[in-house]
Every structure is written in structure tokens, then in C-alpha cells.
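Here are a few notes to read with the model open beside you. Follow them in order and find each spot as you go.

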Amino acid sequence: MPATGDGRAPGAADLPGAHGAPVGHARNRPVTTGPATAAPPIPHPRSQAVRAAHAVHPSHVSEVPPGPGPDNPADGGAPLRLLVIEDDASDAQLIKAAVADSGTSIEIHWARGLDQATALLAQSALSARRGRSRGPEFGCVLLDLAAPADLPHPSDSSDGLEGLHELLRRAPHIPVVVLTDAAGAELGAAAVAAGAQDFLIKHETDGPLLARALRYAVERKRADESQRRLVEAELRGQENARLQRHLLPTPLLDGAGLSFTRRYRPGRRRALLGGDFYDAVRTDDGTVHVVIGDVCGHGPDEAALGVALRIAWRTLVFAGLTGEELLTTLQHVLEHERRSDEIFATLCMLVIGPGGTGSDLDSLGTGERARLYLAGHPAPLLLGRDHEPVTLPADLAGPALGLLPCHDGEAAWPAHEVELRPGWRLLLYTDGLIEGRVGAGSRRLGQDGLAGLIGDHQAAGLTRGRLVDSAIAEVEELNGGALTDDVAVLLLERNPVQLILG
């Protein structure tokens, strides 16, 4: 059988063969470096192939795959490409004979040392990436630990694993099986501990055992790689979770005398951040600014855009902008940050003037007024202590940010003046809370349904966090399961003493 391939090493030897014997022998004869007679033919175990003399080349030895069988299905699967690193020509021929006896479809390539093996591994990987016909990458490496390692910087201290360490450094993603003699069984175990997938004792290894070891090495390396990728994914997930948690805002309401309850649930699985966003800050003049918004969609791109809008909103507020001027600037930010012109964001902004003018605690919360700005967003609910929740007017609502251009005057967001009586409470939310289904039909909860639901929970004596949590739980129950859209809910209340609830 003629050797194939074009990576021939200078001065490569044709090697005498042996058949039907265990791999390995005593290393007391020199390595053949000159020409030798052709090796005797190796009969194929599952066919009556023509026996022909052929030469064994140290850079490429190809085995003809056997016929259909348990190790070689008739669908034409590619054989395992095995790279043997062996400086002894006789041992290399014994490995070849053992492969033939195994009945497994294995294509053998031979390298005398690490430098030649590294070149073959790199060439094979490059050809596979470019889709060339040279075949896939090597599936496994068989390394003889007794072969001297051609290391660039050999060390005086030797543990017998220098060649393995260097091979793992140069080709960390390929499975490795090592060969050792009977006296080196402990060395073989040390090689497995150092990173090899298995080890074999030479004169105790026949063809079937070699084939099983190679298959085991390939599967173990695949399992190790899968475990490594899983650990990396878990670490990335933990890092992403920390990042997302830090991207959620911390309200700046010191001195406002308000309680602020928020709940945030992304629609994406295993995510902490969605396209919804919110924030609340108090400026130096005592004015409280609150925003809640929703970027269409709920993927990672929408989540990133929501964070950008929220940070831009806070920056603009502290820069002194408010009302339509702020919303116009925020739309410009959206237009520059979005990935397509179809992306838009709804928004509800509330600007609450400073509290009552009295100095005692009883006077706080009296005579307050607020300005409400709606950009395609559901209006908040005003929760009084002595009446059912009321949806604030939305007749002055403007378009969602990003739908209409600002320069032609079509995008306008006028303010609606709202009177806030003592003991007021405001519930702001995104549409994910009201678009859930009611029952098995197509009916949606809607704003009126949410107002009635909140009123029932208020009548039951629920307040603050318990009120919000129970409302969300009932919305999910009516929907028949978890809501698929992002949900953000804010409950803002006037209190004599500020209390911020998580």
C-alpha cells in the first residue's frame, strides 16, 4: 500500500514491520536513519486486499479503511486520523500492525519528534479551516514517552514528561495517549495526571486495546472540553449577572420624604436586565423627577439601549433639562444609539414639585402638583386612600420616542398638570403588566382591569411591596403563567419620612 501525503521529512526511513504482536520492544538498538528494504505486506483483517510491498514514511502513513462494520459504518464516515510521535522505526511499524489488527478505521501519520509533529498538526488544522481536501484535523496523538523530546530549552531536571508537557503546550485541544514500558506504569499514570487522556504499556497492548484507548481518549477529551466550556459559560453568566445588577439604577431621593418601591422582571430567561428602564432622582431645588420606559423588544440589544436612555435621562435632569426639551434630546440619543430605524421607546415622566410649605410633619404632602409627560406610554394609576385607583389622563400624550422626527414639530410632548392630595400614591408600570391574557381567550387585562385588580388588593389591606407583589402574582395567574414581556413597576408614595423599599 503506497504512502500518501506530501509532507515528507528529509532522510525519512522505510521501516521493517511486524504483525500480530504487542506494541513495543526493548530500546537497545539504534534508530534506522538510512534506506531499508520495503516492509512486508500487512494483510487486512476484513478484506482480501491485494498484498503489495509499500514504504512507510515518517510524515504520513495511510491505512485503507476496512469494510462496513461496527467501527466503520457504511455511510462513509471519515477514519480517525492518528498522529504517532515515535523516534524508533520498529516501534512505529508495530503500532501500524496493531492498528491493522484492530479492525478499526484509523489513518496513521508518523512524526519522529515534536517539531515535525507540530508542523503536521498546524498544517492539518489550517487545511481543515480552509476546507481543503487534505482531510479533517487529527483526532488523536499517540506519544511514546521514551522518545527524546526535541525541546527548544531542555532542562537538567527531568520527570520523564517533558515531551508531553511540550505537546500539550503546543496543541492543547487534541487528545493524547502515551506509550510507556512495563517499568514505566507509574510514569503513565503521572502522564494522565499531567493532561494525557490515557496511557498504554507497550508489550501489553494489542490492536483492540489500542483502538479502545484511542476511542476513549477522544471521548474523554470531548467531555473535558464540554466541561471546560460549561465552566466558562457559568463564569461568563456570573459576570454578566454582576454587570446587569450594577446597571439597574439606585434612586437618588435623599430628603424627598418619599417611599419608592420597585419591581423589575425581564422577559428573557436567565436575564436580569431587559428593555424596560426606570429611574428617580431629586434635584437641589427639591423637585423629584421620575421616569419609566420601555424599548420595543426585550433582547440584549434592547436592554443595552434601555440602559443608555436611562443614564442619558439622569444626566440631562442634573444638567437642568426638563419637559419637552429633555424628551427631544433623549430622542436624539435614541436615534444615534438604536441599531435600526424601527426601534422606538415609550416613556412616562413625572416631575413633582417641592413638598408642602409648612415646617411641621403634618403639613408635608399638602398642596403638591406634578407635571406628567407621556410618550406613547400607559398613564400611571393614582391610588388614593379613600377611593378606587384612577388612571391619570392621557389626552395630551405624545408619540413614542423615535417614531416621528423632532425637527418638523410633529413630535411634541405637552405636560398634563396633576394635583396630588395628601396621602397620594402613584403606580407607574410598563405595558408588560397589562398585556397579559385573562383566561384562555384573547382578552387582555388592560388598564381598567389593572385598576380594578389594584383596588381589590388595596381593600384587602395590602400596601407597598406586598401590594405590588400580590398584583404581579395575580396578573401572572390570570395569564396562565409567567409574563413573556419585560415588566417594571414603580410605587411612589408621599411619607413624612423617606423610605426606599427594594
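This is a predicted model: local features need pLDDT of at least 70, side-chain atom pairs count only at pLDDT 80 or more; totals for chains, interfaces and linings use all residues.

1. You'll find S105 in the loop that runs between helix α1 (89-102) and strand β2 (106-111).

2. Is S105 buried or exposed? Its relative accessibility is 4%, and buried means under 20%, so S105 counts as buried.

3. Next, jump to strand β8, residues 288-295. This strand is mostly covered, with eight of its eight residues buried.

4. Which way do the β8 residues point? V288, V290, I292 and D294 go one way, while H289, V291, G293 and V295 go the other way, and all are buried. Side chains in a regular strand alternate between the two faces of the sheet.

5. On to the partners of β8. Strand β7 (residues 276-282) pairs with β8 in the antiparallel sense, over seven bridges.

6. What do β7 and β8 form together? They make a hairpin, with five residues between the two strands. In the turn, have a look at G286, which has a positive phi of about 90°.

7. β8 also pairs with strand β9 (residues 345-352), again in the antiparallel sense, over eight bridges. Here a pair to click on is V290 with its bridge partner in β9, L350.

Notes:
Residues are numbered from 1 along each chain as its sequence is written. Side-chain values use heavy atoms; hydrogens and water are left out. Buried means under 20% relative accessible area, exposed over 50%, partly exposed in between (1.4 Å probe, protein chains only). Helices (H or I, at least four residues) and strands (E, at least two) are DSSP runs, numbered from the N terminus. Two strands pair if DSSP finds at least two bridges between them.
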